[in-house]
Structures are given as structure tokens and as C-alpha cells.
Amino acid sequence: MSSDALMTFKSHIEGKNADVTIYHDRVEWARGGMSAKKLTAGFLTGGASLLATGVRSSKAGTEMIPVKSISSVVTKRDGLLYTKVVVVASGNTIGFRVPHDSAPAVKALLTDLVLGKVPAPGQAPSATAHPVREAAPSRQASTPVEQLRQLAELRDAGILSEEEFLTKKTEILARM
């Protein structure tokens, strides 16, 4: 297994804070042992519930998903400040709750790993690993409906935010 981390970030997974690390071959996360619910119950019962159930949760510890078992990575908004990056793997689905500005980078890295676009450590990047994207020929959509479709595709691909999409959509509809 590789030990060179490509990205690390803080997340919120199933009600617990977690430290997430993305490697070339796997995604690992370590969750803390005490949830807010358990802490509140301990406070309200004067510590009796913590003595009875223990301080550590049975779900505390490190978990891992191999990159080769990831079948898809999707993002969806999760409140005003966060986006959930959902990783679907064979037999497991895990949602990493991250700030909106971090989500595109997390999703892009995971997607590139799944597609084999990130060279393994010690491997020279191949010409196909990071292809240079040439600007597509400028093609103006002829009708507002086509423009809206293209705009929706850009939003769905994560290129435009929902706010940018709505702003441009309003402009297009105002010209009709």
C-alpha cells in the first residue's frame, strides 16, 4: 500500500468528525470516539451514561475504501455551508461532508484516481495521464432552449455553481 498522501481534509461522517486521507490506492478516514449526542447525554445524566456505556464508541477507528472498488463519486449540497461528496463503492457508500469550496477538488481527485489519470508514485506521468485540453471551437447555441441545456450540462458537470447557473438562466430568459 502507498503511504504518500495526495490530499487530507477534515470531514463529518455519520455524525462524527473525521480526518480523511486520500492515497493513490485508497481513501482512509479516522473518526473520533464521542458524538455530540453521547456528550449531551453524559452531561444531562451527570456522567452516569458515560460510565455505563464507556467514553469510546464502537464505531471509532480507521476505515478504508480501495480506489479500485470505487464505482462513482457524486456531490450534493448539504446545507448552507457544506457539500456531501458521496463515494459509491462495491458494498459501501460513504458521504464526506466538506465545505463547499473544498468539494470540487475532492471530487476531481477521486474521479481522476478512479479513471487512472493520476500516476502511481515512482511512475512517470504518461502523455495520456494529464491531457492538455484544447479550447473547443466556440459554438453559439442558436436558441435559448439550447443555451439553457448547455448551461444545465455545465452545472451538472460541476463547472458552474447553482448560483452561477441561476444568474445566467435569468439572463437568457430575460432576452426571450
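How many residues does helix α3 have, and how far does it reach from its first C-alpha to its last? Helix α3, residues 103–114, has 12 residues and reaches 16 Å, close to the 16 Å expected at 1.5 Å a residue; the expected span is 1.5 Å times one less than the number of residues.

Before going on, a word about the model: it is predicted, so local features need pLDDT of at least 70 and side-chain atom pairs pLDDT 80 or more, while totals for chains, interfaces and linings use all residues. Residues are numbered from 1 along each chain as its sequence is written, and side-chain values use heavy atoms, leaving out hydrogens and water.

Let's step back to the whole chain. There are five helices and seven strands, taken as DSSP runs (helices H or I, at least four residues; strands E, at least two) and numbered from the N terminus. Along the sequence they follow the pattern β-β-β-α-α-β-β-β-β-α-α-α. Of the 176 residues, 29% are buried, meaning under 20% relative accessible area with a 1.4 Å probe, protein chains only.

Now back to α3, where Ala-103, Val-106, Leu-109, Leu-110 and Leu-113 are buried. These residues lie on the same side of α3 because they cover an arc of only 140° around the axis, the arc being that of the directions from the helix axis to the C-beta atoms. An α-helix has 3.6 residues a turn, so residues three or four places apart point the same way.

What do the buried residues of α3 pack against? Their partners are β1 (7–13), β2 (16–22), β3 (26–31), β5 (70–78), β6 (82–89) and β7 (92–99). Just after α3, Gly-116 takes a positive phi of about 75°.

Conventions
Buried < 20%, exposed > 50% of the residue type's maximum accessible area, 1.4 Å probe, protein only. Contact = heavy atoms within 4.5 Å.
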